[in-house]
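Subject: Handover of a structure and notes on its features

Dear colleague,

Please find the sequence and the structure below. My notes on what was found follow directly after them.

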Amino acid sequence: MDHFANPRNVGEIADADGVGEVGNPVCGDIMKFFIKVDNGIITDIKFKTFGCGAAIATSSIATELARGKSIAEAQKLTNKAVAEALDGLPPVKMHCSNLAADALKAAIIDYKKRRGLDYSDIRMDDDECGGCESACTGHRH
Amino acid sequence: MQRVYLDNAATTKIDPRVLEAMTLALRDNFGNPSSIYAEARTAKKSLEEARAQVAALIGAKTEEIIFTGGGSEADNMALRGIAEAYGKKGGHIITSKVEHHAIIHTCEYLQKQGFDVTYLPVDEFGLTTPEEVKAAIRPDTILISIMYANNEVGTIMPIREIGAVARERKILLHTDAVQAAGHIDIDVERDNIDLLSLTAHKIHGPKGVGALYLRKGVRMPPLIHGGGQERGFRAGTENLPGAVALGKACELAAAGFEKNNAHMKKLRDYLLDGIFEKIPYVKLNGHPEKRLSNNVNVSIRYIEGEGMLLRLDMDGISASSGSACTSGSLDPSHVLLAMGLDHATAHGSLRLTLSPETTKEEIDYLLEKLPPIAGFLREMSPVYKAEAGACGRQELKNCAACPVGREK
Ligand SMILES: Cc1ncc(COP(=O)(O)O)c(C=O)c1O
């Protein structure tokens, strides 16, 4: 997975226009997205993620998909689009893409809140522990 | 690329001498041990020699060894067998919260059958005490099952002392010695063990063969009904190549005991010192002294284990973790949680397990590759600076002065 080996857009934006964080350490994933918005366009985007390999890869691809898009387009980003763009997310890791799409939406909601804009049209996929780690498989020896 | 295999608690590479013994048995020793002619007698003789080799490793009598299809089967056989033989009207079983799933899931199954199970807690190092075992004993207790050494954190349980308690109260003691056999000096007589599970693939033998030691006089129904092999406990024409391989692996483990343990212990301590020296915010999981000579388990705070494992793999290193991602459930390792670790710390656990073949060069290679991986993942982690910065320093690489920087 190239996006796991070389994740794009890792980091923070000090003067971000919107910051969104989803997940929690109990679930095993935390994703934090930072966006910079100019004229309704996402001009810069960065992320920080605590989570499994797929969580890192989906974060990376979601930032790539959102960069350069308008807020209106970006907020419609679906988990399916994230997974398809990665092309080859194992079925058990599909939940990771929910989380990445949600992190982006959370950042957009924050941006809209700061501007006093209406954000009631944004739908989150799942906000409880239903993230990445919950869908992990493996075994113990 | 060079591969450095540091997951010997998961399974081990077959020893060439075991492979040779096994191949010879498979090729030449094809007789059915139950028949009467020459080929059968040769096979029977090899089978009993192998049984004696297994018995010798744990101080048992030859006839007290039952060959099984591995450690999980031996664990299932012990618990279900004793439950059926001694607990017809229900009964009470004592075990611990840190057992392998072969024990825990069997206990859960027995609970559904009406048995009562006490899962003893452990301390921060993963230890259950003989006093706690004693306090949990009830008039209807039929079995105590406590592992000899833990597969994740390597903690060695006080089995001898627990055995003394069990003997005093006349309760049967089973121990899962899958990780301990060959690594710890085990003597079923001295330790008062009545049943013991072990498996070949953790001691450089093949997968799918193990043994259950069953003390003479302890009753148990057959696990498999059929032609009465293995003293009636486990029917089916014997897996002679497997038994021979297990026997050889046990013989080699006994012969190399001192040398192998000394070698692994030295490298284990070197590895641990290296990790603590090169990476801040690391927690040792398991007991500092009462631990297997081949086990290193640490939590690298602020990062998650699977990402670490995938990156180590990209560098040619095989390791494992107790993160939820590798456990098959929402929760991270039940062992680490039972020891009181919070979820985030448990998700960041890393287990490195050595073999007698592990070299200092391999450990040096790991110590070269791991710190940048930890650093890279921490840079990416949203919880790193936020929490680590709480010690008041922004520059974390030289955080020796920070009280949480070194938590050995
Ligand atoms: C402590 C312990 N018990 C039981 C088992 C199961 O043994 P096997 O894989 O031979 O079934 C293992 C290893 O997988 C183990 O580490």
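In helix α2 (residues 38–58) of chain B, B:Lys44 and B:Glu48 are 4 residues apart, so about one helical turn separates them. Helices here are DSSP runs of H or I with at least four residues, strands are DSSP runs of E with at least two, and both are numbered from the N terminus.

Please note that this is a predicted model, in which local features need pLDDT of at least 70 and side-chain atom pairs count only at pLDDT 80 or more, while totals for chains, interfaces and linings use all residues. Residues are numbered from 1 along each chain as its sequence is written, chains are lettered from A and ligands numbered from 1 in the order in which they are written, and side-chain values use heavy atoms, with hydrogens and water left out.

Salt bridges in chain B

B:Lys44 and B:Glu48 form a salt bridge, with their closest N and O atoms 3.5 Å apart. The term salt bridge stands for a side-chain nitrogen of Lys or Arg within 4 Å of a carboxyl oxygen of Asp or Glu. B:Lys44 is partly exposed at a relative accessible area of 37%, and B:Glu48 is partly exposed at 26%. For these words, buried means under 20% relative accessible area, exposed means over 50%, and partly exposed lies in between (1.4 Å probe, protein chains only).

B:Glu48 also forms a salt bridge with B:Arg51, and here the closest N and O atoms are 2.8 Å apart. These two residues are 3 residues apart in helix α2 of chain B, which means that about one helical turn separates them. B:Arg51 is buried, with a relative accessible area of 7%. B:Lys44, B:Glu48, B:Arg51 and B:Glu230 are linked in a network of salt bridges.

A further salt bridge joins B:Glu189 to B:Arg215, at 3.2 Å between the closest N and O atoms. B:Glu189 lies in the loop between β6 (172–176) and β7 (195–199) of chain B, and B:Arg215 lies in the loop between β8 (210–214) and α7 (240–255) of chain B, so the pair ties together parts that are 26 residues apart in sequence. B:Glu189 is partly exposed at 37% relative accessibility, whereas B:Arg215 is buried at 13%. Over all chains, a search of the whole structure finds 32 salt bridges.

Chain A

Chain A has 5 helices and 3 strands, and its elements run α-β-β-β-α-α-α-α from the N terminus on. Of its 141 residues, 55% are buried.

Strand β2 (residues 29–38) and strand β3 (residues 41–50) of chain A pair in the antiparallel sense over 9 bridges; two strands count as paired if DSSP finds at least two bridges between them. A:Lys36 has A:Asp44 in β3(A) as its bridge partner. β2(A) and β3(A) form a hairpin with 2 residues between them, and A:Asn39 in the turn has a positive phi of about 55°.

A:Gly51 is placed in the loop between β3 and α2 (53–66) of chain A. A:Gly51 is buried, at 5% relative accessibility. From A:Gly51 to A:Asp38 the separation is 13 residues in sequence and 30 Å in space, C-alpha to C-alpha.

Yours sincerely
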